[in-house]
Amino acid sequence: CITLPLRGESPEAGVPEAEGQGRASARILVLDDEPDVAETLSDALMRAGFEVDCVHDAHKALAMIATTEYGAVLSDLRMPGMNGLAFLRELQARHAGLVERLAFLTGDAIGNGLTGDLQATGRPFLEKPAEPEDIVRLVTQLLEEGAA
């Protein structure tokens with residue numbers, strides 16, 4: 001996704017640069033079946049200096065991961081076809097090293113009784129809508145933990 005700032009808006013307004021990360025230092029994959037949500041996440045991360053690829057289908061995400069190195073992956077939990085938990089299982093089978101740099105975003109885990117399943121994955125998650133600085137903080141945390 002390519003997102004340009006609104007006219008008159010500073011590209012850096014309100015979103016801190018990723019701590020310990022320079023501009024374009026890490027490529028992030030955003031997986032969300034809702035294009036508007038993916039674009040919003042992408043925009044927040046690009047403003048913080050990350051390179052971002054967006055995809056709206058888990059199968060396409062796995063294909064992209066097979067050919068591109070990602071520093072972190074943000075995935076929606078509830079998607080048609082392959083949901084976030086199934087995506088995690090496929091990621092474990094195909095690209096196990098990336099699992100520790102995966103986080104989930106969800107708007108309805110608590111309301112649909114998915115909280116236990118989500119917590120059982122051991123992966124961090126944010127409830128949508130999330131503030132841009134929380135998204136950047138989460139990705140920075142994933143990158144730091146993945147580098148350790």
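Biologist: Which residues does arginine 101 touch, not counting residues up to four places away in sequence?

Modeller: Arginine 101 touches Tyr70, Gly71, Ala72, Val73, Arg123, Leu142 and Gly146, with residues up to four places away in sequence left out. Keep in mind that this is a predicted model.

Biologist: Where is arginine 101 found?

Modeller: In a loop. Arginine 101 sits between H3 and strand S4, which covers 102-106.

Biologist: Is arginine 101 buried or exposed?

Modeller: Buried. The relative accessibility of arginine 101 is 19%, and the cut-off for buried is under 20%.

Biologist: How far is arginine 101 from leucine 143, in sequence and in space?

Modeller: In sequence, arginine 101 and leucine 143 are 42 residues apart. In space, their C-alpha atoms are 6.6 Å apart.

Biologist: Let's zoom out. How many helices and strands does the protein chain have?

Modeller: Five helices and five strands.

Biologist: In what order do the elements run?

Modeller: From the N terminus on, the order is β-α-β-α-β-α-β-α-β-α.

Biologist: What share of the residues counts as buried?

Modeller: The protein chain has 148 residues, and 43% of them count as buried.

Biologist: And what share of the contacts comes from residues 24 or more positions apart?

Modeller: Such pairs account for 65%, taken over the contacts with a separation of 6 or more.

Biologist: New topic. How many salt bridges does the structure hold?

Modeller: Seven. One of them joins the side chains of arginine 27 and aspartate 53, at 2.8 Å from N to O. That pair links distant parts of the chain. Arginine 27 is in strand S1, residues 27-31, and aspartate 53 is in strand S2, residues 51-55. They are 26 residues apart.

Biologist: Are those two buried or partly exposed?

Modeller: One of each. Arginine 27 is partly exposed, at 26% relative accessible area. Aspartate 53 counts as buried, at 17%.

Biologist: Which residues are linked with Arg27 in a network of salt bridges?

Modeller: Glu51 and Asp53.

Biologist: Which residue forms a salt bridge with arginine 47?

Modeller: Aspartate 43, with 2.9 Å from N to O. Both lie in helix H1, residues 35-47. They are four residues apart, about one turn of the helix.

Biologist: How accessible are arginine 47 and aspartate 43?

Modeller: Arginine 47 has 11% relative accessibility and counts as buried. Aspartate 43 has 17% and is buried as well.

Biologist: What about glutamate 90? Which residue is its salt-bridge partner?

Modeller: Arginine 94, with the closest N and O atoms 3.0 Å apart.

Biologist: Are glutamate 90 and arginine 94 buried or partly exposed?

Modeller: Glutamate 90 counts as partly exposed, at 28% relative accessibility. Arginine 94 is also partly exposed, at 49%.

Biologist: On to helix packing. How do the axes of H2 and H3 cross?

Modeller: They come within 11 Å and cross at roughly 20°. So H2 is roughly parallel to H3, because angles under 35 degrees count that way. The crossing is right-handed.

Biologist: Which residues make that contact?

Modeller: From H2, Ala58, Ala61, Leu62 and Ile65. From H3, Phe87, Glu90, Leu91 and Arg94. By class, the contact of H2 with H3 has six nonpolar, no polar and two charged residues.

Biologist: And H1 with H5? At what angle do their axes cross?

Modeller: Roughly 70°, and the axes come within 9 Å. So H1 is roughly perpendicular to H5. H1 passes H5 in a right-handed crossing.

Biologist: Which residues make the contact there?

Modeller: Leu41, Ala44 and Leu45 of H1 meet Pro132, Ile135, Val136 and Val139 of H5. The classes are seven nonpolar, no polar and no charged.

Biologist: Last one. Which residues does a cis peptide bond join?

Modeller: Lysine 128 and proline 129, with omega about -5°. Proline 129 is in the loop between strand S5 (125-127) and helix H5 (132-147). For context, most peptide bonds are trans.

Definitions and conventions. Residues numbered from 1 in each chain as written. Predicted model: local features only at pLDDT ≥ 70, side-chain atom pairs only at ≥ 80, totals over all residues. Heavy atoms only, no water. Salt bridge = Lys/Arg side-chain N within 4 Å of Asp/Glu carboxyl O. Helix = DSSP H or I, 4+ residues; strand = E, 2+ residues; numbered from the N terminus. Buried < 20%, exposed > 50% of the residue type's maximum accessible area, 1.4 Å probe, protein only. Axes fitted to C-alpha atoms, helices over the stretch in contact; angles between N-to-C directions. Parallel < 35°, antiparallel > 145°, perpendicular 65-115°, else oblique. Left-handed = near helix turned anticlockwise from the far one by under 90°. Contact = heavy atoms within 4.5 Å. Nonpolar A, V, L, I, M, F, W, Y, C, P; charged D, E, K, R; others polar.
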